[in-house]
Amino acid sequence: MTRSLILGSGSAVRAMLLSQAGVEFEVVTSEVDEDAIKKEFAESEQLGDTEFATDKLALKLAEAKALAVAATRPDALVIGADQILSCEGRRFDKPRDIDEARTNLKFFRGKPHILHGGIAIAQGNAVIWGHSDRATLTMRGFTDAFLDDYLARLGDEVLKSVGCYQMEGPGVQLFERIEGDYFTILGLPLLALLAELRRLAAVPA
């Protein structure tokens with residue numbers, strides 16, 4: 001008998017990936033103050049913007065989201081996930097508006113950046129599993145005219161992801177090289193998650 005499963009995320013892409021994999025779950029969005037967690041992490045860890053520290057931060061955010069939902073649903077296994085982008089030692093959040101998206105994409109242009117993915121499973125008041133992964137993506141040297149057209153066509157859609165792109169859509173045209181797991185790029189390291197869900201009897205083995 002499988003166990004009750006909750007995705008503690010409002011991400012449509014994460015829900016789609018789980019659904020297409022044949023996993024039965026419900027969605028309960030966590031109300032976690034991500035900015036407060038990031039500030040606390042920076043003050044306590046004092047590791048700067050290193051890649052290792054960003055891996056840890058992505059996992060910490062995923063754990064916080066899973067725990068927040070699990071506290072209200074102790075009967076279920078709750079999945080939390082988070083993704084952070086780093087480029088040349090800087091961390092980036094989702095852009096607040098189109099102008100910030102344009103500025104960020106110009107900064108990423110012609111450079112590699114890293115997507116740091118964290119995923120966790122919580123039950124009750126405990127995290128029972130955590131996993132982190134990363135992917136490196138290199139943007140091509142696209143022109144300003146291409147960028148303006150890209151932003152005009154996608155509009156506010158670019159504000160939904162930290163990198164201002166959806167790899168499963170027109171955003172793939174921004175890139176010249178991708179290294180890493182495709183599911184990690186989309187925000188859910190799915191193979192590692194499914195393996196753990198099978199071990200926990202949350203999906204059929």
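1. Basis. This is a predicted model, in which local features need pLDDT of at least 70 and side-chain atom pairs count only at pLDDT 80 or more, whereas totals for chains, interfaces and linings use all residues. Residues are numbered from 1 along each chain as its sequence is written, and side-chain values use heavy atoms, with hydrogens and water left out.

2. Aromatic pairs. Rings of Phe, Tyr and Trp (its six-membered ring) are taken to pair if their centres lie within 6.5 Å, and a pair is called stacked with planes under 30 degrees apart, edge-to-face over 60, and tilted for the rest. By this rule the count comes to seven aromatic pairs. One of them joins Phe107 and Phe108 in an edge-to-face arrangement, with 6.4 Å centre to centre and 70° between the planes. Ring pairs also link Phe92, Phe107 and Phe108 into a cluster.

3. Charges over Phe107. A charge is said to sit over a ring if NZ of Lys or CZ of Arg is within 6 Å of the ring centre and within 35 degrees of the ring normal. Which residues meet this rule at Phe107? The charged end of Arg90 sits over the ring of Phe107, 4.7 Å from its centre, and Lys111 lies over the face of Phe107 at 3.6 Å from the ring centre.

4. Helix H4. Helices (H or I, at least four residues) and strands (E, at least two) are DSSP runs, numbered from the N terminus; buried means under 20% relative accessible area, exposed over 50%, and partly exposed in between (1.4 Å probe, protein chains only). In H4, residues 98-108, the buried residues are Ala101, Asn104, Leu105 and Phe108. Seen down the axis, these fall within an arc of 100°, so they line one face of the helix, where the arc is that of the directions from the helix axis to the C-beta atoms. Asp99 and Thr103, on the other side of H4, are exposed. Phe108 counts as buried because its relative accessibility is 0%.

5. Helix H5. In H5, residues 144-154, Phe146, Leu147, Tyr150, Leu151 and Leu154 are buried. They lie on the same side of H5 because they cover an arc of only 130° around the axis. Ala145 and Ala152 are exposed on the other side of H5. As background, an α-helix has 3.6 residues a turn, so residues three or four places apart point the same way.

6. Largest pocket. On a 1 Å grid over the protein atoms alone, a pocket is an open set of points with protein on both sides within 12 Å along at least five of seven lines, and lining residues have an atom within 4 Å of a point. Grid points are joined across faces, edges and corners, and a volume is the space filled by probe spheres set on the points. The largest pocket holds about 870 Å³ of space. It is lined by 34 residues, of which Ser11, Arg14, Lys94, Lys160 and Ser161 are the closest to its centre. Helix H1 (12-20), helix H2 (34-45), strand S3 (77-87) and helix H6 (182-186) each supply at least two residues of this lining, and S3 gives the largest share, four residues. By class, the lining has twelve nonpolar, eleven polar and eleven charged residues, where Ala, Val, Leu, Ile, Met, Phe, Trp, Tyr, Cys and Pro count as nonpolar, Asp, Glu, Lys and Arg as charged, and the others, Gly among them, as polar.

7. Positive phi values. Glu88, in the loop between S3 and strand S4 (90-92), has a positive phi of about 50° although it is not a glycine. Glu88 is exposed, because its relative accessible area is 58%. Cys164, in the loop between H5 and strand S7 (175-179), has a positive phi near 70°, again in a residue other than glycine. Is Cys164 buried or exposed? Cys164 counts as buried, because its relative accessibility is 0%.

8. Separations in sequence and space. Leu85 lies in strand S3 and counts as buried, at 0% relative accessibility. The C-alpha atoms of Leu85 and Ile114, 29 residues apart along the chain, are separated by 5.6 Å. Pro204, in the segment after helix H7 (190-199), is 119 residues from Leu85 in sequence and 33 Å from it in space, C-alpha to C-alpha. Pro204 counts as exposed, because its relative accessibility is 67%.

Terms used: On a 1 Å grid over the protein atoms alone, a cavity is a set of points where a 1.4 Å probe fits but cannot get out, and a pocket is an open set with protein on both sides within 12 Å along at least five of seven lines; lining residues have an atom within 4 Å of a point.
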